[in-house]
Amino acid sequence: MARIVMKFGGTSMAGTERIRRVANIVRKQQAAGHEVAVVVSAMAGETDRLVNFCREANALYDPAEYDVVVASGEQVTSGLLALTLQSLGSKARSWLGWQLPVHTVEAHAKARIDAIDSDKLTASMAAGEIAVIPGFQGIGADGRITTLGRGGSDTSAVAVAAAVGADRCDIYTDVDGVYTTDPRIVAKARKLKAVTYEEMLELASVGAKVLQTRSVGLAMKEGVRLQVLSSFIGDDAIPADDLPGTMIVSEEEMNQLVENGDMERQLVTGIAHDKNEAKVILTRVPDKPGAVAHIFEPLAAASINVDMIIQNVGRDKGETDVTFTVPQADLARAQALLEDRRGEIGFNRIITDSKIAKISVVGVGMKSHAGVASTMFRALSDRGINIQAISTSEIKISVMIDEDETELAVRVLHTAYGLDAGDEA
Ligand code: ADP
Ligand code: ASP
Ligand code: MG
């Protein structure tokens, strides 16, 4: 007998018919003798709909009230799944974020899970009841409802798995695993049998939304065994233990898989894209110590994450342009904050552009091999794709390009690194 946390994403929860299928998959796991807890997302599209309502109500919305609105999607699906399970004869109940509780810290709309009281959950699971937990939500130090940032139900699931000491956390979604790139963009993307925590963390952080970044970081830290698999399986489904999903593994496990011939080592493991960033250019910023700090301190204080930063070499008159990216969702707030400090920072104009995309290639192989970056630059330039900015880490290279060229760039790079299905030796 194992203790398993199962998480179902938005597409799996989209409508009562699909929820019934989810209920059957859950019941099958329980019938196989496992203790189960389930974490659910809102129905597909629901969170976007709720976010739009907030924007329409108030473009500079208060994140605490935003949380009240957007957390409701998961409340609906958790209740519906519990009802469906009951209708099929299972013992089940929902546990809202404040009922467990799921304690969170830091900013509203992007809160971080600090601790989950697991007593009620383990008691419920041990009694043969199926605990259904709405993902994405928690309770803040102020006693108010919080949400964990988009895609946060993955993190809820991993945190629940860590709290109850689960043997595995299964993330059921609308694809049957982690691929070399988004299979919706590249038909020749290949499914990976396994991917290391480190690579998955990097892929997620640069836009591979199949897992939320924090969920991978948490799983790595807490040693949670994480699996990505499809919920679109037949009613006579084989148990999850035998499903060919993707396991997220440690480097040692990966080395073992390579040694056994189960995986081949690639220079680049995956390619991701992110269209959710916006570019901000501040022109004619004084080229002197402290200028950059004046720009980024207020953004940090407002919990706005800045990603790529470029400061041009000073032009004449001791002035320079500073370019950086922020999440599109934070652009309006960032702009307002910078305008407020125009005098202090001393810039001339703010130019913004949301029509950009970041394309990243990720692979641990890069640590020990040169030439990965030049392959990228050559492949993009051969297709006339202009690079506006570049950033790198030990196992990743990212470029900023025009948003319209996203799909083309991903396809071209997938081919350039020999990742297309059918290319393998
Ligand atoms: P859920 O609602 O189940 O949380 P998401 O939409 O958040 O699902 O994540 C699943 C989606 O992630 C897939 O439909 C796919 O389009 C996208 N995706 C992006 N990159 C990858 C990748 N490397 N491997 C698999 N899926 C990916
Ligand atoms: N429903 C939330 C979102 O769409 C959380 C999640 O699905 O993981 O971002
Ligand atoms: Mg998701």
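Colleague: What percentage of the 425 residues in the chain is buried?

Modeller: A residue is called buried under 20% relative accessible area, exposed over 50%, and partly exposed in between (1.4 Å probe, protein chains only). In this chain, buried residues make up 51% of the 425 residues. The model is a predicted one, in which local features need pLDDT of at least 70, side-chain atom pairs count only at pLDDT 80 or more, and totals for chains, interfaces and linings use all residues. Residues are numbered from 1 along each chain as its sequence is written, and side-chain values use heavy atoms, with hydrogens and water left out.

Colleague: Is Cys54 buried or exposed?

Modeller: Cys54 has a relative accessible area of 8%, so it is buried. Cys169 is likewise counted as buried, at 0% relative accessibility.

Colleague: How many disulfides does a search of the whole structure find?

Modeller: A disulfide is a pair of cysteine sulfur atoms within 2.5 Å. The search finds zero.

Colleague: Which radius of gyration does the chain have?

Modeller: The radius is taken over C-alpha atoms, and the globule rule is 2.2 Å times the number of residues to the power 0.38. For 425 residues a compact globule would have a value near 22 Å; the chain has 23 Å, which agrees. Along its principal axes, the C-alpha trace spans about 75 × 55 × 35 Å.

Colleague: How many helices and strands are in the chain?

Modeller: Helices (H or I, at least four residues) and strands (E, at least two) are DSSP runs, numbered from the N terminus. The chain contains 14 helices and 20 strands.

Note on methods. Chains lettered and ligands numbered in written order.
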